[in-house]
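The sequence and structure are shown first.

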Amino acid sequence: VSTQSTWGLLTIMVFLVDWFKEIYGMNWRKLAERTVAVGVVLGSAYTIWTTLIILTNCESPVVVVLSGSMEPSYYRGDILFLTNYDPVPKVGDIVVYRMKTNDIPIVHRVISTQLKACLLYTSDAADDTPCVDLGGRRIIKKK
């Protein structure tokens, strides 16, 4: 164990001990005030997230681009705000989907549609998935 990580751990432990001493030494009114304040912050965040879900018609209205496969349009770390109003993606649309095997959002651009049942996308991503089922529509990767 390095000296730097030991000092970091000790600093955290001292902080926690001081924090618990401060809480233990508070009168019940002050403790109730802080508890209510934390509850209001958490409740507000939940309310905002739920409102975004309803307004955008998406289960996850905000995603982060995790790979560089969409460059130069979107870069790794970019934040995307999603909507789900148009049920049929068109050529040029950006689609975000999740595979059943993992919960990571995948971002691609539609380059063509086939029989209105398939979307053809292109990507530099290193996935070996030739086809993905997207709610009744198949997404086929262009080689």
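## Surroundings of T56

The model is a predicted one. Within it, leaving aside neighbours within four places in sequence, T56 is in contact with P61, L82, T83, N84 and Y85. T56 itself belongs to helix α2.

The relative accessible area of T56 is 10%. Since the cut-off for a buried residue is under 20%, T56 is classed as buried.

## Helix α2 and the residue after it

Helix α2 comprises 29 residues. From its first C-alpha to its last, α2 reaches 42 Å, which is close to the 42 Å expected at 1.5 Å a residue.

The residue that follows α2 is N57, with a positive phi near 60 degrees. Most residues other than glycine have a negative phi. N57 is not a glycine, yet its phi is positive, at about 60 degrees. The position of N57 is in the loop that runs between α2 (28–56) and β1 (62–64).

## The salt bridge between R34 and E22

How many salt bridges does the model contain? The count comes to 1. The side chains of R34 and E22 meet in a salt bridge, with an N to O distance of 3.1 Å. R34 lies in helix α2 and E22 in helix α1, so the pair ties together parts that are 12 residues apart in sequence.

Both partners fall in the intermediate class of accessibility. R34 is partly exposed at 40% relative accessibility, and E22 is likewise partly exposed, at 39%.

Which residues make the nonpolar surface patch? The patch is made by I12, F15, L16, W19 and F20, and its area is about 530 Å².

One of these residues, L16, is placed in helix α1, which covers residues 3–25. The relative accessible area of L16 is 38%, so this residue is partly exposed. As to spacing along a helix, an α-helix has 3.6 residues a turn, so residues three or four places apart point the same way.

Note on methods:
Residues are numbered from 1 along each chain as its sequence is written. This is a predicted model: local features need pLDDT of at least 70, side-chain atom pairs count only at pLDDT 80 or more; totals for chains, interfaces and linings use all residues. Side-chain values use heavy atoms; hydrogens and water are left out. Helices (H or I, at least four residues) and strands (E, at least two) are DSSP runs, numbered from the N terminus. Buried means under 20% relative accessible area, exposed over 50%, partly exposed in between (1.4 Å probe, protein chains only). Contact means heavy atoms within 4.5 Å. Patches are made of residues with over 30% relative accessible area and no salt bridge: like charges are joined within 9 Å, nonpolar side chains (Val, Leu, Ile, Met, Phe, Trp, Tyr) within 5 Å. Accessible areas come from the Shrake-Rupley method with a 1.4 Å probe; for residues, only the protein chains shown count as cover. A salt bridge is a side-chain nitrogen of Lys or Arg within 4 Å of a carboxyl oxygen of Asp or Glu. The expected span of a helix is 1.5 Å times one less than its number of residues.
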